[in-house]
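Thanks, everyone, for making the time this morning.

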Amino acid sequence: MEKNLPHGDTEWFVNDRFGMFIHWGLYSMGARHEWLMNKENIPVAEYERRYFQRFDPDLYNPEAWARAAADAGMKYFVVTTKHHEGFCLWDSKLTDYKAPNTPAKRDLLRPLVEAFRGQGLKTGFYYSLIDWHHPHFVIDNRIGPYRGCTEKERAKMNQGRVQARYAEYMRGQVRELLTGFGQVDVLWFDFSYPDKEHPNDFTKGKNRNAWQSKKLYQMVRELQPSVVVDDRLDLPGAWDVKTPEQWQPREWYTVEGQRVVWEACQTLSGSWGYHRDEDSWRSTDELIRTLIDCVSKGGNLLLNVGPTGRGEFDARALDRLSGIGEWMKRHNRAIYGCTAAPHEFKTPEHCRLTWNPGTKRLYVHLFAWPYGALHIDGLKDRVEYAQLLNDSSELQYGLGEWQHQIGDRLGNSTLTLRLPARKPDVAVPVIELFLK
Ligand code: GLC
């Protein structure tokens, strides 16, 4: 464990809670998963011929993307400046494999950063450690390109490849990203897959030695001391945020018994890059519940959109984003600045609790609408006022006359809120409790 490594500023991060992930690159044209180069063993030259030479996002309107994100209530974004395929959205001086050399003929990252900043969102860069295009990235049998090839073929392709030169290239590119675009708030490296038995054989896996993670991390801290860095450099202690991907932690994420800053990253459907034919799309309600679930466990949600090769968010994504925005418009104060509730408040069945320690307000998110009343243990005599958040309609509390019959089944500390028969017409109703 590396001790005393410097860390970034996560204060804004744990306040803002909700960000947009954007996976956009040549794979958007394949429209069948951002790993298609690897999954289908497409050789570099063939991949270039098909996609690099034709990438022409003529409908790209970063202002529209930024508005969609802001309207959904997102406060920061993280965009794939380079994904595993190696293609760069910005005008990197260190490679020709970049947007300005496609039919797009321009830097696509800069206008995006400007547009999102214009909407008040903080800036995050995803940068892939893995690179299936770079001539010095040592090809391995795990994640590398040409995964179908034999040992012999691989050895041949690896002749002349020097992983250290690739590590140097990465430092150069990350330097460009951290010096050419103003303040960067999040840096999202992706990802390591160490082989414990062969830590220096990069044909078997890639670890901190393959990336020269320590050097890289030190440079990042020199250039942008406060940037929030994710946890995928394989360098213990060199991270600010844990990043569970495609799963939801059951409780606040801990490391060595300590609660840590964490952010779940989730997709709207199964793929990160634009996928035309996939129909495992999550519903708006499910996505809203996912955001609430994160915050109720002290975490953030980074929700992904995969724009099309022509540069648009497709209708399914826009539908989810606007639905989330509808909910956020009325309920965002149960998200921003909120965290897990103190233990003494017991979460009722089918609910999540979020808590704003600054305002001392407790939010009860109801995933299922209860029958007439909601009982919450630990809250009796603690509440000053209760209302539904969507329309600020008062909720009365305490037991009705006839309910006293069941009073003995309620704990001494149980608060009973009386609810209308009909569920409010919002995806997830929220009760706002003003505590004494
Ligand atoms: C992964 C995948 C990837 C995606 C990322 C997002 O590790 O390789 O395609 O970009 O996770 O978390």
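Predicted model: local features only at pLDDT ≥ 70, side-chain atom pairs only at ≥ 80, totals over all residues.

Now let us look at β1, which covers residues 18-22. If you follow individual residues, Met20 has Phe77 as its bridge partner in β2 and stands opposite Leu303 in β9, whereas Phe21 has Asn304 as its bridge partner in β9.

How many of the five residues of β1 are buried? Five of the five are, and the strand is mostly covered. As a reminder, in a regular strand the side chains alternate between the two faces of the sheet. In β1, Phe18, Met20 and Ile22 lie on one side and Gly19 and Phe21 on the other, and both of these faces are covered.

A residue in β3, the strand of residues 122-128, is also worth a look, namely Thr123. Thr123 counts as buried because its relative accessibility is 1%, the cut-off being under 20%. Leaving aside residues up to four places away in sequence, Thr123 touches Phe77, Val113, Arg117, Gln183, Val184, Asp185 and Val186; Phe77, you will recall, is also the bridge partner of Met20.

Let me turn to the domains. The protein is divided into domain 1, residues 11-334, and domain 2, residues 341-435, and their C-alpha centres lie 39 Å apart. In the contact between them, 13 residues of domain 1 meet 16 residues of domain 2, and the two domains bury about 1300 Å² between them, with 62% of that area on carbon and sulfur atoms. Of the area that domain 1 buries against domain 2, His331, Arg333 and Ala334 supply 38%, which is more than any other three residues.

What about polar interactions between the domains? There are two salt bridges between domain 1 and domain 2, and four residue pairs are in polar contact. On the side of domain 1 that touches domain 2, the elements giving two or more residues are α11, residues 284-296, and α12, residues 315-331, and the largest share, seven residues, comes from α11.

Finally, the count for salt bridges comes to 27, and I will show you a few. Glu40 and Arg32 meet at 2.6 Å, N to O; Glu40 is partly exposed, with a relative accessible area of 38%, and Arg32 is partly exposed too, at 33%. In the pair of Arg320 and Asp319, where the closest N and O atoms are 3.1 Å apart, Arg320 counts as buried at 13% relative accessibility, whereas Asp319 is partly exposed at 43%. Lastly, Glu46, Arg49 and Arg50 are linked in a network of salt bridges. I am happy to take questions.

Note on methods:
Residues numbered from 1 in each chain as written. Heavy atoms only, no water. Buried < 20%, exposed > 50% of the residue type's maximum accessible area, 1.4 Å probe, protein only. Helix = DSSP H or I, 4+ residues; strand = E, 2+ residues; numbered from the N terminus. Pairing = 2+ DSSP bridges. Domains from an automatic or database assignment. Contact = heavy atoms within 4.5 Å. Buried area = accessible area lost by both parts, 1.4 Å probe. Salt bridge = Lys/Arg side-chain N within 4 Å of Asp/Glu carboxyl O. Polar contact = N/O pair within 3.5 Å; in protein donor to acceptor, adjacent residues only side chain to side chain.
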